[in-house]
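Hello,

Here is the structure I promised to pass on. Have a look, and then read on for what turned up.

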Amino acid sequence: MTERNRGFEILLERLLTLSRWLLAPFFLGLALGVVILLIKFAQEFYHMAAQAITISDEEAILGMLTLIDLALMGALVMIVIFSGYENFVSKIDHTSDRRWPEWMGSIDFTSLKIKLLGSIVAISAIQLLKQFMAVKTASDRELWWYTGIHVVFVLSSVLLALSDRLSASHVQPEDKKKAPPAGGSAGTH
């Protein structure tokens, strides 16, 4: 490779590496999106609190399910923000803060996918439960669609977990080959 071509390659690689910072505004936008979820949470909470004495048990349960749904969505967005930023943009120095949650800084892309699907399944389950709680107002067609969508999410998460487990089991034997045997050299038993 000529010196000129090598210089161009180095420049291109540096530009591509720096382009990861283009993702930072996306994560900042998601952080601001959590503010929107907080506003919706406060509205729902205020609405429930103002009518706490007059609403039925079913309405209270539906309201609480909505609050849980919003909280799960906020947590899901935070997982995406922190793990996405750490996986694709830059590592966050969390050693100076003892209150930093243990999972932050340790979620790789595979763990992120599993956590995302787990959260989506939980959110889907809450939506399905809300529909079943309001069964008098929901049509059979809507209930079947909600159930079908939920089943697809559950099956997707199970298949992803199985594929990750299978791929990890294929990688694991090679890792064992590299590691020295426990208790000493290869020649001792």
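Is Phe27 buried or exposed? Phe27 is buried, at a relative accessible area of 11% (buried is under 20%, exposed over 50%, partly exposed in between, with a 1.4 Å probe and protein chains only).

Please keep in mind that this is a predicted model, where local features need pLDDT of at least 70, side-chain atom pairs count only at pLDDT 80 or more, and totals for chains, interfaces and linings use all residues. Residues are numbered from 1 along each chain as its sequence is written, and side-chain values use heavy atoms, with hydrogens and water left out.

Now the aromatic residues. The structure has two aromatic pairs (ring centres of Phe, Tyr and Trp, the last by its six-membered ring, within 6.5 Å; planes under 30 degrees apart are stacked, over 60 edge-to-face, the rest tilted). Trp21 and Tyr85 have ring centres 6.3 Å apart and planes at 75 degrees, so they pair edge-to-face. This pair links distant parts of the chain, 64 residues apart: Trp21 sits in the loop between α1 (3–18) and α2, Tyr85 in helix α3 (residues 57–88) (helices are DSSP runs of H or I, at least four residues, numbered from the N terminus). Trp21 is partly exposed, at 37%. The rings of Phe27 and Tyr85 are also edge-to-face, because their planes stand at 80 degrees, with centres 6.4 Å apart. Together, Trp21, Phe27 and Tyr85 make one aromatic cluster.

On helix α2 (residues 24–50) you will also find Leu32, which counts as exposed at 53% relative accessibility.

Best wishes

How values were computed. Helices (H or I, at least four residues) and strands (E, at least two) are DSSP runs, numbered from the N terminus.
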